[in-house]
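Visitor: I would like to go through this model with you, taking one question at a time. Could you show it first?

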Amino acid sequence: MVIVLQTGLRRTDTDMTRGSVLGQLVAFSVPLLIGNIFQQLYNTVDSVVVGNFVGKEALAAVGSVGPVINMLIGFFNGFATGAGVVISRHYGARQRENVRTAVQTTIAMTILMSIVLSVLGVVLTPALLRMMQTPEEVLAHASEYLQIYFAGLSGLLLYNMGAGILRAVGDTRRPLYFLIFSAVTNTILDLLFVAVFHMGVAGVAIATILAQFASAALVLAVLTRTKGDYRIEWRAVRLEKNMLGSICALGLPSAVQLAVTAFSNIFVQSYINRFGADCMAGWTSYNKIDSFALLPITTISLAVTTFVGQNLDHARAKQGTRTALLLSEAVTVVVLLPLMLLSPQLISLFNQEPEVLRYGTLFIRYISPFYLVICINQIISGSLRGAGDSRSCMLIMLGSFVLFRQIYLMIVYRVWGTVLPVAMGYPAGWVLCSVILLLYYRSGAWKKASVFKEKAE
């Protein structure tokens, strides 16, 4: 529901402790979904432009660096998740001063992490590309793209955290508007720098960071000017010890899980790289389509995190989890039908070479049916984080997505040595994770592990 101030002005934050459960989840998710679609357009437009105007080697390069980017950004986003849960929890409990303190601490933490992760990204790029066994014909493009991207990483991190603060209080509309503007800007600059100025991979990287800085400036301006408790007060921005401890207690497990999972995907990419540039380009094309297809699931997972965070001391929280799971499964079925039927046409958007098309279509048709399984682990983990139990999610997901997957890849590559069994390592991890998370959730053990233990029980 939209809260109305005593002045009569409409606010954009949302109280999810009242009203229809399904209605609240849908109202929260739809703007967030549209926003995430536009956010995915960043790297997707990069891939489409370089794949059509530069070549398959450039397409393979832009796609193959995804695990490296996701490792550092995933580490940050884990803390962003923790900050969002803390803010939404205090917001739902009407603890105004705690909301203010959490926001100032969150911004200070973001600025510090932006500097650290940018430096680490630039410095580690050569070593990480060698670790992935990046082919020589792709290496120069990949290195150039990564180093430019990391040099401008602060724009993305500031936007993500600022948008996370707005979403924690139920505002998904304004982050959506900023992403639309930023994605359009990125597309125009991509075409200008690559198709007109012929700047190659460097052009798409520069276009991306400029667009990200634009979205960061917009969201920070809104948070600075708002009259709500979640306003950024720049003179008060600092790391408050107790609040930082609460954010880290929730965010560090998610940060470690996301970073280590992404790091493990560097090894997955190294297996894909062994099959050459055609396979790499097909894998890149599939992953770009995959990132869009999974958006409804991840968006509903974010919605249920905020929902549970605001309703933890109510039976309404469990109702929200059940509703979110059914909603995500239904939406996934709708997404899968055109995805399976039109897979060759979708891959051709990135590159039209026959081998690239063959590999990309193969990946879509064998892997995407398992999206129905992903719904379970994403919704349950989102609910558990909202309830304050990030640590268990971390352990279960690391065991499934890192340990199990690496053992699986080592075995199947030695036994079969072909690309399809390697690619199926992703669905295998999803199935294992979903089974364990579902059993854990139904056991109720998460109540004792919650940092909000007194409310969860």
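Visitor: How many disulfides does the rule give?

Guide: A disulfide is taken here as a pair of cysteine sulfur atoms within 2.5 Å. By this rule, the count of disulfides comes to zero.

Guide: Before going on, note that this is a predicted model, in which local features need pLDDT of at least 70 and side-chain atom pairs count only at pLDDT 80 or more, while totals for chains, interfaces and linings use all residues. Residues are numbered from 1 along each chain as its sequence is written, and side-chain values use heavy atoms, with hydrogens and water left out.

Visitor: How far away is the nearest cysteine sulfur to that of cysteine 393?

Guide: Cysteine 393 counts as buried, because its relative accessibility is 0%. It is in no disulfide, and the nearest cysteine sulfur, that of cysteine 433, is away by 8.4 Å.

Visitor: Which residues does phenylalanine 363 touch?

Guide: Contact means heavy atoms within 4.5 Å. Not counting residues up to four places away in sequence, phenylalanine 363 touches Cys279, Gly282, Trp283, Tyr286, Ser368, Val419 and Ala423.

Visitor: Is the packing of H9 with H16 roughly parallel or roughly antiparallel?

Guide: Axes are lines fitted to C-alpha atoms over the stretch in contact, and angles run from 0 to 180 degrees between N-to-C directions. Helix H9 (residues 241-273) and helix H16 (residues 390-415) pack at about 10°, with their axes 8 Å apart. Because angles under 35 degrees count as roughly parallel and those over 145 as roughly antiparallel, H9 is, relative to H16, roughly parallel.

Visitor: How do the residues of the contact of H9 with H16 divide?

Guide: Ala, Val, Leu, Ile, Met, Phe, Trp, Tyr, Cys and Pro count as nonpolar, Asp, Glu, Lys and Arg as charged, and the others, Gly among them, as polar. The residues of this contact divide into 16 nonpolar, seven polar and two charged.

Visitor: With which residues is leucine 336 in contact, leaving aside its neighbours within four places in sequence?

Guide: Leucine 336 lies in helix H12 (residues 316-341) and is buried, with a relative accessible area of 10%. Its C-alpha atom is separated by 7.2 Å from that of serine 368, 32 residues apart along the chain. Leaving those neighbours aside, leucine 336 is in contact with Ser368, Pro369, Tyr371 and Leu372.

Visitor: What is the phi of histidine 198?

Guide: Histidine 198 lies in the loop between helix H7 (173-196) and helix H8 (200-225), and counts as exposed at 64% relative accessibility. Its phi is positive in a residue other than glycine, with a value near 55°.

Methods
Helix = DSSP H or I, 4+ residues; strand = E, 2+ residues; numbered from the N terminus. Parallel < 35°, antiparallel > 145°, perpendicular 65-115°, else oblique. Buried < 20%, exposed > 50% of the residue type's maximum accessible area, 1.4 Å probe, protein only.
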